[in-house]
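Read the questions below beside the model. Each answer works toward the value or name asked for.

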Amino acid sequence: MIAQIIFSIALLTAVILFSIQVKKIIRNINLGKDTNRSDRPKERWLTMAKVALGQSKMVVRPVAGIMHIFVYLGFVIINLEVLEIIIDGVFGTHRIFSFLGSFYSFLIASFEILALLVLVGVIVFLARRVVLGLKRFSGVEMTAWPKSDAIYILVIEVLLMSAFLTMNAADYKLQLAGYSHYLTAGSFPVSQYLLGLLPNSTESLVFIERACWWFHILGILAFLNYLPFSKHFHIILAFPNTWYSNLNAKGRFNNMTSVTNEVKAMLDPSFTPPAATEIGRFGAKDVQDLNWVQLMNAYTCTECGRCTSVCPANQTGKLLSPRKIMMDTRDRLEEVGKNTDKHGKGYDDGKSLLDDYITREEIWACTTCNACTEACPVNIDPLSIIVDLRRYAVMEESNVTGSLNAMFSNVENNGAPWKYSPADRLNWANKD
Amino acid sequence: MNANTIEPMNTTIKIPTMAEMMAAGEKPEILFWVGCAGSYDERAQRITRAFAKILHHVGIKFAVLGTEESCTGDPAKRAGNEFLFQMQAMSNIQVLDAYEIKKIVTACPHCFNTLKNEYPELGGNYEVIHHTQLIQELIESGKLKAEGGDFKGKKITFHDPCYLGRGNGVYEAPRKALEILDADLVELKRCKSNGLCCGAGGGQMFKEPEKGKKDVNIERMDDILQAKADVVAVGCPFCMTMINDGVKHFNKEQEIEVLDIAEISAKVNGL
Ligand code: SF4
Ligand code: SF4
């Protein structure tokens, strides 16, 4: 009975704390500007099914991709087991679903095999980070925290999976001994090999089984509450993030309607722009100037660095790293969120995303090549943020290098980015 | 030589402008959007001429805007100057609509992308194709010859332009146009959706690069040298400039030829 009460309190606390954090993240994301990404729902479901559920972009790199699918499948499916654990925990039952008989055995067996695959995957991942030190996992933005975050997650998964398998082994051994309420249920293709490692006394076995049970479920609840602070939040956000991702041709940059209205008014004095929907700045200086999808992108980023590893600017030693663009956006958004908690909405701390986080040197190094958006396994678009920051620098500040300014004035005056006379446009036809 | 004429193999062809066609009460099947690089850059002008010869050779009735053409606004948009972009776009749309243009072909992936994807929202709706797509169609319909000729047995590789490939998902058309030659088509290490940029996009063409270890086109040369290609085929005037500079950087002008797909097709057809 006491166990049931402790369990229920732990469960409730974990769920409440998690909801509070998620609410905060949703509030932060909603600091962004509105944008309509609910068109073409069919295509959106399809994209989500393919990219998030089907992990189509992960397997572009086969080793990491397949291992990730193990871990991901394991994670999702083993969580079905959590449902049973929760019911058992609240009602003091033991293996409540065992009445399913052979289907139950099938389920437990699959969980075990998946748990083993997860262990393999996670150990490979750890090795890549710790032993091999893959280049993709380093870089200026990969400071102490993001690096340890990745390691923590992997270690937690090793512990959770080990606890799960040990629990099953102890349970199985007790079943074989016909002890107390340990009815024969389930099938244990993996943990049966652990039997020899366990003590024979039923008391110790019960202790181990219970300890692992508690460790496993409390671990999961703790992990749940770690998610919102970690890159691991992508396991949730990958789904909405792909659903709301950009479906247009990658080469197409968004149209700024605020500019369209001004340009129309300039070209045609009789044009009356539709009643100002929102007065904001042109482009983005800070996170609030970005749209909510860009902000959700920031929370979804897995910090995998696939974008940066294909970025031509980064590859040639420039400061720009699309992963850093996303991590900076998230860090700044978190900061703005904390300011809001402390001082209320609209508090100005004198800082901004541009300059305090992302430098001019970074945004101007981009070739807008779309390699980053193509590589991102969860359809994040760092390029759109870079372009919005540029728009601010150009249209609000006129702060660009002389040569770009010269290009602008050439386009404006000569109709070409170079200083040639428009009258010479057809000269190509007069040569051979 | 007369104005607006080029002379392939001693036959003079006239490059008609829309204004001239209009005056004659005619309409072209397709507008050839030349683009700024294709109009002014010496090397790119050769691509423009090669493509015009192809259009003439297969008997497509085409026209250019000539002095009425203006920058699509692409470099301004990528560099963050949305005002300038939209000013350019709207005045271009006025010109295009005045001539009732329906279909456009261009040899520049940047113009292609902008006209195709970014003009509709500002009221400009046209069917826009890249010249490699038209060349592929012409080969398939048998209007363009495809046997290798000069390229027989040569190693050819293709450098994907970002705004054609990743930007618009066109990977096959340029390859189809090359495959058909009796050449040895080799892929670069980073190709198709994983292709490496030449370094010119996003306004980089018009500014000094930021500090770094090397320039992007030099990095791209790693792939090109590794492929040991005799010919690097390109489909963009900016890539042409960057890859040419890269080849020069390594003093490989003798070994490696950089040609646009239009130039290759024109050559194969004796134009
Ligand atoms: S679009 Fe910009 S940030 Fe993204 S890969 Fe290309 S150069 Fe890097
Ligand atoms: S933006 Fe995408 S590719 Fe880049 S680090 Fe984040 S998740 Fe990985």
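Q: Which residue with a positive phi follows H10(B)?
A: Helices here are DSSP runs of H or I with at least four residues, strands are runs of E with at least two, and both are numbered from the N terminus. Most residues other than glycine have a negative phi. After H10(B) comes a residue whose phi is positive, near 55 degrees: B:Asn251.

Q: How far does helix H10 of chain B reach from its first C-alpha to its last?
A: This is a predicted model, in which local features need pLDDT of at least 70 and side-chain atom pairs count only at pLDDT 80 or more, while totals for chains, interfaces and linings use all residues. Residues are numbered from 1 along each chain as its sequence is written, chains are lettered from A and ligands numbered from 1 in the order in which they are written, and side-chain values use heavy atoms, with hydrogens and water left out. The expected span of a helix is 1.5 Å times one less than its number of residues. Helix H10 of chain B (residues 237–249) has 13 residues, and its reach is close to the expected value, at 18 Å.

Q: How many of the 13 residues of H10(B) are buried?
A: A residue is buried under 20% relative accessible area, exposed over 50% and partly exposed in between, with a 1.4 Å probe and protein chains only. The buried residues of H10(B) include B:Phe238, B:Met242 and B:Val247. The helix is largely enclosed by the rest of the structure, because the number of its residues that are buried is 10.

Q: How far apart are the end C-alpha atoms of helix H3 of chain B?
A: In H3(B), 12 of the 16 residues are buried, so the rest of the structure largely encloses this helix. Among the buried ones are B:Ala44, B:Phe51 and B:Leu55. At 1.5 Å a residue, H3(B) (residues 42–57) should span 22 Å, which agrees with the distance between its ends, 23 Å.

Q: How far apart in space are B:Arg46 and B:Asp260, C-alpha to C-alpha?
A: B:Arg46 belongs to helix H3 of chain B. Its relative accessibility is 44%, so it counts as partly exposed. B:Arg46 and B:Asp260 are 214 residues apart in sequence, while their distance in space is 9.2 Å.

Q: Near what value is phi of A:Arg40?
A: A:Arg40 sits in the loop between H1 and helix H2 (41–53) of chain A. With a relative accessible area of 34%, A:Arg40 is partly exposed. Phi of A:Arg40 is positive in a residue other than glycine, near 45 degrees.

Q: Near what value is phi of B:Lys192?
A: The loop between strand E8 (184–186) and helix H9 (216–227) of chain B holds B:Lys192. B:Lys192 is partly exposed, at a relative accessible area of 32%. It is a residue other than glycine and has a positive phi, near 50 degrees.

Q: How is the pair of A:Trp145 and A:Tyr152 classed?
A: Rings of Phe, Tyr and Trp (its six-membered ring) pair if their centres lie within 6.5 Å; planes under 30 degrees apart count as stacked, over 60 as edge-to-face and the rest as tilted. Over all chains there are 20 aromatic pairs. The rings of A:Trp145 and A:Tyr152 have centres 6.5 Å apart and planes at 55 degrees, so the pair is tilted.

Q: What relative accessible area does A:Tyr152 have?
A: A:Trp145 is partly exposed, with a relative accessible area of 42%. A:Tyr152 is partly exposed, and its relative accessible area is 42%.

Q: How many residues apart in sequence are the parts tied together by A:Tyr244 and A:Trp292?
A: The ring centres of A:Tyr244 and A:Trp292 are 4.8 Å apart and the planes stand at 80 degrees, so the pair is edge-to-face. A:Tyr244 lies in the loop between helix H7 (234–243) and helix H8 (257–267) of chain A, and A:Trp292 in helix H9 (residues 292–300) of chain A, so the separation of the parts in residues is 48.

Q: Which residue sits with its charged end over the ring of A:Phe253?
A: A charge sits over a ring if NZ of Lys or CZ of Arg is within 6 Å of the ring centre and within 35 degrees of the ring normal. The charged end over A:Phe253 is 4.1 Å from the ring centre and belongs to B:Arg78.
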